[in-house]
There are 2 protein chains.
Amino acid sequence: MKSVKVGLLGLGTVGQGVATILARNGDEIARRAGCDIVIKSALVRNLGKAEALGFDGIAVTQDGKAVVTDPDIDIVVEMMGGDEPALSLVLSAIEHGKHVVTANKALIAVHGNQIFSAAADKGVVVAFEPAVAGGIPVIKAVREGLAANRIAWLAGIINGTGNFILTEMTQKGRDFADVLAEAQALGYAEADPTFDVEGIDAAHKLTILASIAFGIPLQFDAVYTEGISKVTRDDVAFAEELGYRIKHLGVAKMRDDGVELRVHPTLIPASRLIANVNGVMNAVLVQGDAVGPTMYYGPGAGSEPTGSSVVADIVDIVRTLSAAPGHRVPNLAFQSDSLSSHPALAPDAFESSYYLRLTAIDQPGVLADITRVMGELDISIEAIVQKEPVGDSVEVPVIMLTRQVREGAVNSAIAQIEKLASVKGEVTRIRMETLG
Amino acid sequence: MKSVKVGLLGLGTVGQGVATILARNGDEIARRAGCDIVIKSALVRNLGKAEALGFDGIAVTQDGKAVVTDPDIDIVVEMMGGDEPALSLVLSAIEHGKHVVTANKALIAVHGNQIFSAAADKGVVVAFEPAVAGGIPVIKAVREGLAANRIAWLAGIINGTGNFILTEMTQKGRDFADVLAEAQALGYAEADPTFDVEGIDAAHKLTILASIAFGIPLQFDAVYTEGISKVTRDDVAFAEELGYRIKHLGVAKMRDDGVELRVHPTLIPASRLIANVNGVMNAVLVQGDAVGPTMYYGPGAGSEPTGSSVVADIVDIVRTLSAAPGHRVPNLAFQSDSLSSHPALAPDAFESSYYLRLTAIDQPGVLADITRVMGELDISIEAIVQKEPVGDSVEVPVIMLTRQVREGAVNSAIAQIEKLASVKGEVTRIRMETLG
């Protein structure tokens with residue numbers, strides 16, 4: 001049987017997952033791929049630690065250049081994360097005619113256009129299934145499985161840390177900070193959780209999903225990004241009372257006048273299947289014009305789940321080795337000369353429903369003041385609820401759900417409502433999607 | 001731009017979906033595929049009706065042979081259903097060097113081994129995504145996306161009619177016969193509903209899924225098949241009280257001593273995501289050793305959903321046209337010379353938990369009699385519930401949930417319990433899976 005030689009850039013969580021899978025399932029994988037997949041060498045930070053891992057036959061090195069220029073190596077797998085030296089090494093690998101698999105969502109979201117262009121020049125494949133939603137083959141599903149469709153929109157729970165935190169807040173009535181501390185202790189969240197809880201990780205993944213769904217270039221800078229750190233236990237509870245659940249979603253919508261690219265906490269009807277995706281699991285719901293709704297669910301991170309996607313990409317590359325480059329699956333689903341310049345819309349142009357929560361003085365006329373503002377801006381209200389005051393307080397929470405409207409109008413309404421004498425402090429605004 | 005010519009065998013529900021999608025989304029699809037996909041001709045039963053449909057530029061004919069031998073046609077799409085003349089026409093298309101896409105699950109499940117062998121001889125592709133779970137790209141996900149994994153088991157809601165009926169029974173407390181009549185009126189069920197409600201359609205799909213998951217030949221005859229026609233409103237309600245939902249599942253499990261291939265009503269914990277897949281929707285849950293659980297959800301039938309999968313397969317074929325046949329994705333996921341002869345297990349060897357319901361005389365000692373039988377056969381009981389008698393009746397329903405056990409032991413227990421003087425009539429047995 002033929003064999004294909006692989007070089008790893010990184011032997012951390014994902015790299016160890018790849019090595020473990022190939023060691024344990026090598027026979028099973030060769031039965032599918034029709035050839036053996038052999039890891040020849042790996043770039044590591046610490047030679048001693050790598051040796052302790054005991055992966056037989058993998059030569060470890062601290063010289064990344066040696067891996068990406070090794071004439072023996074057919075495929076380079078990049079799992080270093082971040083910009084540099086990952087970008088330089090990937091470009092160098094391409095320059096030396098290697099196919100590349102990367103698990104690095106930031107690299108693809110920010111530098112993908114440059115990388116794919118270099119790969120096209122050299123006729124090599126750059127695959128990135130592990131960069132989005134870990135072990136779920138969602139890149140393949142959208143790029144190939146839904147090739148017949150105009151995608152109308154997609155919405156994904158694509159950050160496991162955020163979903164774990166919101167699930168705990170929902171199911172146990174806990175506070176954000178409390179759950180975050182637990183997530184850090186469990187290893188679900190980093191010591192610096194910014195990437196996860198402020199939505200940057202999700203924005204990287206949404207950038208990639210939107211591009212392959214709509215045939216637009218990667219444009220990370222155009223994604224509106226809002227994290228979950230301001231979601232309160234009260235908002236979670238009020239949403240639940242109204243039949244909604246708060247999930248941190250990446251949402252991409254195709255409209256005639258542009259695309260909406262946004263990451264934010266979102267109220268969704270509790271009865272939707274995706275509202276019941278809990279804990280660290282991920283799911284991506286895609287609405288195609290021919291197929292209707294399809295959803296892809298599974299673990300969005302982790303050593304072997306992400307390793308599973310790395311190996312699947314390697315097998316795909318093995319299969320394309322004899323195909324003419326023009327016949328391969330295009331990186332971004334659409335032929336590179338067919339990408340559209342459909343503009344990304346500014347947040348004020350977003351259309352959504354909204355959950356608004358504010359604190360009002362418990363006196364007659366308050367709701368009239370608020371609803372007058374909404375009416376003047378042509379914002380239809382689906383529901384408005386004034387809660388009971390707690391104890392002797394003269395302040396009460398007021399919750400409003402709007403119908404679909406332009407975000408600019410809602411922002412104007414919020415600015416006016418915050419100026420009302422009967423309203424205290426800021427208005428909390430959370431977007432709402434029916435996903436129907 | 002190049003174009004690829006397609007011939008359709010059938011212009012019914014799915015055929016019209018394919019034609020509609022290519023007419024509406026042709027530009028979008030060409031942006032992905034890098035070439036135009038043109039339907040040249042279609043085999044129809046009724047020339048007049050076909051003309052009334054008004055698909056411009058599709059030549060209709062009543063001569064299937066003319067379609068499959070047309071030197072202009074690159075890809076033949078078979079959507080006739082059933083054995084003949086579908087089988088002969090597909091074999092003839094292959095013989096004439098055409099690639100084939102088929103939506104015919106019975107054809108692949110029963111004749112697939114023969115068809116794939118003929119295709120290998122001629123170096124053509126036979127694709128069948130539309131044959132399983134309609135618009136969900138689950139064949140692609142399992143065959144390619146999970147290529148790194150040993151699949152431990154899969155469980156699917158793969159018949160929309162059956163899921164619609166069970167959902168109505170669960171949500172509205174209705175009877176099977178009543179809901180079936182409605183499903184027939186709505187067009188969800190055929191006038192002769194046997195294929196759907198007796199599990200044959202699901203068994204065809206399970207045959208295909210099991211083969212691509214485990215690398216075993218297609219073996220429809222080895223699938224244990226039980227429908228939903230005997231599920232009662234009472235069983236649905238009792239299951240719900242115990243925290244379970246009844247779904248009609250296709251289950252394939254890999255064991256050291258063989259594979260379990262079975263289609264039957266199944267109690268699953270109501271909290272599982274797949275327990276909340278309702279109405280005519282389908283979902284397939286797959287447990288891989290590296291990735292863990294992943295699930296694929298969407299519409300399992302219908303004109304454009306199934307047409308979506310047909311067109312995706314056509315685009316895939318367009319992409320493989322320049323690849324050496326040895327480098328293509330193998331039909332059954334594994335290289336054809338690497339299929340294993342792992343045996344299919346007989347039902348008595350299945351291992352599962354069980355829900356048992358029986359009618360007993362409401363007198364002391366009944367539960368002792370029953371539990372003695374279970375104990376003698378080493379069957380652990382997880383729960384046993386004796387319901388209140390209704391009115392003056394001396395008979396009461398008794399519900400038992402067992403722990404995991406061999407089915408042969410449960411069948412012996414049922415035979416002995418049915419002979420007890422204190423037990424009336426037959427014992428209802430429904431399998432139970434935690435899918436955990």
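Visitor: How are α5(B) and α10(B) set to each other: roughly parallel, roughly antiparallel, roughly perpendicular or oblique?
Guide: The model is a predicted one, in which local features need pLDDT of at least 70, side-chain atom pairs count only at pLDDT 80 or more, and totals for chains, interfaces and linings use all residues. Residues are numbered from 1 along each chain as its sequence is written, while chains are lettered from A and ligands numbered from 1 in the order in which they are written. The axes of α5 (residues 105-122) and α10 (residues 200-214) of chain B come within 9 Å and cross at roughly 55° (axes are lines fitted to C-alpha atoms, for helices over the stretch in contact, and angles run from 0 to 180 degrees between N-to-C directions; helices are DSSP runs of H or I with at least four residues, strands are runs of E with at least two, and both are numbered from the N terminus). Angles under 35 degrees count as roughly parallel, over 145 as roughly antiparallel, 65 to 115 as roughly perpendicular and the rest as oblique, so α5(B) and α10(B) are oblique.

Visitor: Which hand does the crossing of α5(B) and α10(B) have, left or right?
Guide: A crossing is left-handed if the near helix is turned anticlockwise from the far one by less than a right angle, and right-handed if clockwise. By that rule, the crossing of α5(B) with α10(B) is left-handed.

Visitor: How many residues of the contact of α5(B) with α10(B) are charged?
Guide: Residues are in contact if their C-beta atoms, placed from the backbone, lie within 7 Å. On the α5(B) side are B:Lys105, B:Ala106, B:Ile108 and B:Ala109, and they meet B:Asp201, B:His204, B:Lys205, B:Thr207 and B:Ile208 of α10(B). Ala, Val, Leu, Ile, Met, Phe, Trp, Tyr, Cys and Pro count as nonpolar, Asp, Glu, Lys and Arg as charged, and the others, Gly among them, as polar. The contact has 4 nonpolar and 2 polar residues, and the number of charged ones is 3.

Visitor: What is the hand of the crossing of α1(B) and α12(B)?
Guide: Helices α1 (residues 13-33) and α12 (residues 303-320) of chain B pack with axes 8 Å apart, at an angle of about 45°. They are therefore oblique to each other. Their contact divides into 10 nonpolar, 8 polar and 2 charged residues. The crossing is right-handed.

Visitor: Which residue is the bridge partner of A:Val100 in β6(A)?
Guide: Strand β5 (residues 99-102) of chain A runs parallel to β6(A), and 2 bridges join them. In β6(A), the partner of A:Val100 is A:Val126.

Visitor: Which element gives the most residues to the side of chain A that touches chain B?
Guide: In the contact between the chains, 56 residues of chain A meet 57 residues of chain B. At least two residues each come from α1, α6 (138-145), β12 (292-299) and α12 of chain A. The side of chain A divides into 28 nonpolar, 18 polar and 10 charged residues. With 9 residues, the element that gives the most is α12(A).

Visitor: Which residue of β12(B) is the bridge partner of A:Tyr297?
Guide: β12(A) and β12 (residues 292-299) of chain B pair in the antiparallel sense over 3 bridges. The partner of A:Tyr297 is B:Met295.

Visitor: Where does B:Pro85 lie?
Guide: Most peptide bonds are trans. The bond from B:Glu84 to B:Pro85 is cis, with omega near 10°. B:Pro85 lies in the loop between β4 (75-78) and α4 (86-95) of chain B.

Note on methods: Pairing = 2+ DSSP bridges. Contact = placed C-beta atoms within 7 Å.
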